[in-house]
Amino acid sequence: MSKKDRRRVMAQIWGTPTSHDIDMVDEGNQIVVFSNYRGIINWWMEIFKAYYPNIKCREKGDTIKIKPTMGVTIKLNKTTRLMKISGKDHWPWFVDTFEKLLDVGNGDAVELQSDGASAVSENSVTRYLQLDKDDEEVQDLLDRIPEGGGIMHHEFIMRLWKSLLDDWFGVGAAVYIVTPRIDSERLFTVMLLMIRNKGTGFSVTLLTPAKQDGERFEKIMEKTKRRMKEVKTAQDSRLISDVKLQWVMDTLIIQHEDFSTNFIAAHKDGEAEVLTTTAHFHKAHFHHQQKDNVCYNRLSPHDLRKNYLLPLNIGNNVF
């Protein structure tokens, strides 16, 4: 199996819901799993004991050694919080078992507390997005839009755009982002929101022209990927690993059409919402003293499909 195929498998496993953030790296002869939560080793031990009731552990210094099956060795370090999975059969064991372990963790293990006073770790995507918001924020923002729509400031539109997407991803909705112009910063934000809400079962479709202002979308995507790899945490490690980036690329559906409208929309459980605006999802509308029209509506999924999605050749395989 090629490195890229292995990364895709790991990305799928990483997408399993977890009560806290974990990450993983394939080093060939071993897989390293890590987290910033101080109780992570105890959490892993609870999982292993639940999944392997008769498992035996050997502890020496800061290291706990486990052999869950023949050909597989797991070392947990209480100081570095690293899990290292090695052995001649470590890859097939990881593919067959690790997702099941995460499911056990979600059901049986105690949810962890983060380091420090904040529930958001220093290197978390949530902190980078500045999305430490309460549950009422989205509705408060929507209430500020006049009935029938109105002209709003660029900062308000960006805040609402980001908060609505986060809300929709968080409830596992089918989400649509439609814009004739999107820059790498806005695309980067979409990807971070996806990572923040992984495991909720959302789907997301981005509809945008293949060429924008003379620049091909592929070039915008390459800029965004570079940005994903370059952004660092306070500890100077990468905010987004290759596994997380792969998961984003496998999850984000991209379609190309030529048009000049802007909206984001979502549907779930027989309800739909749409936010329309004259603002492109581009720095030209968000980095200057720009004002644009904004209108928010609730409607049926049928009307969303008929009036917004089908005219742009999307939504044919949904509902």
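1. Let me start with a strand pair: S14 (residues 271-277) and S15 (residues 291-299) run antiparallel and are joined by 6 bridges. If you want a spot to look at, find valine 274, which stands opposite asparagine 297 in S15. Please keep in mind throughout that this is a predicted model.

2. Those two strands belong to an open sheet of 7 strands with mixed pairing, in the order S7-S15-S14-S13-S8-S9-S12. Its edge strands are S7 (150-153) and S12, each of which pairs on one side only. On average, neighbouring strands of this sheet are turned by 20° against each other, direction ignored.

3. Two helices that pack on this sheet deserve a mention. Helix H6 (residues 154-170) touches S7, S8, S9, S13 (263-268), S14 and S15. The direction of H6 makes about 95° with that of S7. Helix H9 also packs on the sheet, where it touches S9 and S12, and its direction makes about 45° with that of S12.

4. Now for S9 (residues 203-207). Is this strand enclosed or open to the outside? Buried here means under 20% relative accessible area. By that cut-off 4 of the 5 residues of S9 are buried, so the strand is largely enclosed by the rest of the structure.

5. S9 has a partner in S8 (residues 174-178), and the two pair in the parallel sense over 5 bridges. Within that pair, valine 175 is found opposite valine 204 of S9. To get from S8 to S9 the chain passes through helix H7 (residues 184-196), and this β-α-β crossover is right-handed.

6. S9 also pairs with S12 (residues 252-255): these strands run parallel, with 4 bridges between them. Here valine 204 turns up again, standing opposite leucine 252 in S12.

7. How buried is threonine 224? Its relative accessible area is 0%, so it counts as buried. Apart from neighbours within four places in sequence, threonine 224 is in contact with Ser184, Leu187, Phe188 and Met191.

8. There is another open sheet, this one of 6 strands with antiparallel pairing, in the order S1-S2-S6-S5-S4-S3. S1 (23-26) and S3 (57-60) are the edge strands, each pairing on one side only. From one strand to the next, the twist averages 20°.

9. Inside this sheet, S5 (residues 72-77) and S6 (residues 82-86) form an antiparallel pair with 4 bridges. Leucine 76 has methionine 83 in S6 as its bridge partner. Helix H1 packs on the sheet, touching S1 and S2 (30-34), and the direction of H1 makes about 165° with that of S1.

10. Last, a helix pair. The axes of H1 (residues 3-14) and H9 (residues 242-251) come within 8 Å and cross at roughly 85°. That angle makes H1 roughly perpendicular to H9. On the H1 side of the contact are Arg7, Arg8, Met10, Ala11 and Trp14, which meet Asp242, Val243, Lys244, Gln246, Trp247 and Asp250 in H9. What kinds of residues make up the contact of H1 with H9? They divide into 5 nonpolar, 1 polar and 5 charged.

Note on methods:
Residues numbered from 1 in each chain as written. Predicted model: local features only at pLDDT ≥ 70, side-chain atom pairs only at ≥ 80, totals over all residues. Heavy atoms only, no water. Axes fitted to C-alpha atoms, helices over the stretch in contact; angles between N-to-C directions. Parallel < 35°, antiparallel > 145°, perpendicular 65-115°, else oblique. Contact = heavy atoms within 4.5 Å. Nonpolar A, V, L, I, M, F, W, Y, C, P; charged D, E, K, R; others polar. Buried < 20%, exposed > 50% of the residue type's maximum accessible area, 1.4 Å probe, protein only. Pairing = 2+ DSSP bridges. Right-handed = clockwise from strand over helix to strand, strands pointing away.
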